Amino acid sequence: MAAVDVVFHRTFTDDRWMNSAACKGLTHLFFPLPAERPQARDRREAAAKSVCASCTVNATCREFARTNHEYGFWGGESEDERHAAGFRLIAPIGVRARNVG
Ligand code: SF4
């Protein structure tokens, strides 16, 4: 496939819903630092979940993350919860990687 074909076949998604995200400026709650400890992850994700609970685009966000196999915390859902719901990460690591078979 030529480069021009790639350009014309690219799928564009409507991400205007992100303008209404309640998590703007709170990236540190939604994505882990390297080598994050389990207890720290639990605290971070609990804080992220509370932000998502009041977000007006929660359902759209969760569907986007599930469809696009996103990493991090989206739509009130952690990577583990998304994985358990059947929406697997493309390149799982850690416990999830050992359970993919
Ligand atoms: S549901 Fe949560 S992660 Fe998604 S846009 Fe809203 S606050 Fe951000």
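Modeller: Let's start with contacts: two residues are in contact if their C-beta atoms, placed from the backbone, lie within 7 Å. Here, residues 24 or more positions apart account for 33% of the contacts in the chain with a separation of 6 or more. Please keep in mind that this is a predicted model, where local features need pLDDT of at least 70, side-chain atom pairs count only at pLDDT 80 or more, and totals for chains, interfaces and linings use all residues. Numbering runs from 1 along each chain as its sequence is written.

Colleague: Thanks! How many helices and strands does the chain have?

Modeller: Helices (H or I, at least four residues) and strands (E, at least two) are DSSP runs, numbered from the N terminus. This chain comes to 6 helices and 0 strands, giving the pattern α-α-α-α-α-α along the sequence.

Colleague: And which residues form the largest nonpolar core?

Modeller: In soluble globular proteins, nonpolar side chains tend to be buried together. A residue is buried if 20 or more other C-beta atoms lie within 10 Å of its own, exposed if 12 or fewer, and partly exposed in between, with C-beta atoms placed from the backbone. A nonpolar core is then a set of buried Ala, Val, Leu, Ile, Met, Phe, Trp, Tyr and Cys residues joined through C-beta atoms within 7 Å. Here the largest one has 7 residues: Leu-29, Ala-48, Cys-52, Cys-61, Ala-65, Phe-73 and Trp-74. Leaving aside neighbours within four places in sequence, Trp-74 is in contact with Cys-61, Arg-62 and Ala-65. Across the chain of 101 residues, 12% are buried.

Colleague: Which residues are closest to the ligand?

Modeller: A residue is near a molecule if its C-beta atom, placed from the backbone, lies within 6 Å of it. The ligand is surrounded by 13 residues, the closest being Ala-21, Cys-23, Cys-52, Cys-55 and Cys-61. Two or more shell residues come from each of α3 (38-53) and α4 (58-68). The shell divides into 10 nonpolar, 3 polar and no charged residues; Ala, Val, Leu, Ile, Met, Phe, Trp, Tyr, Cys and Pro count as nonpolar, Asp, Glu, Lys and Arg as charged, and the others, Gly among them, as polar.

Colleague: What about the backbone: where does Ala-35 lie, and is it buried or exposed?

Modeller: Most residues other than glycine have a negative phi. Ala-35 has a positive phi near 60°, and lies in the loop between α2 (27-30) and α3. Ala-35 counts as exposed because it has 6 C-beta neighbours inside 10 Å. His-69 also has a positive phi, about 50°, in the loop between α4 and α5 (79-84). With 15 C-beta neighbours inside 10 Å, His-69 counts as partly exposed.
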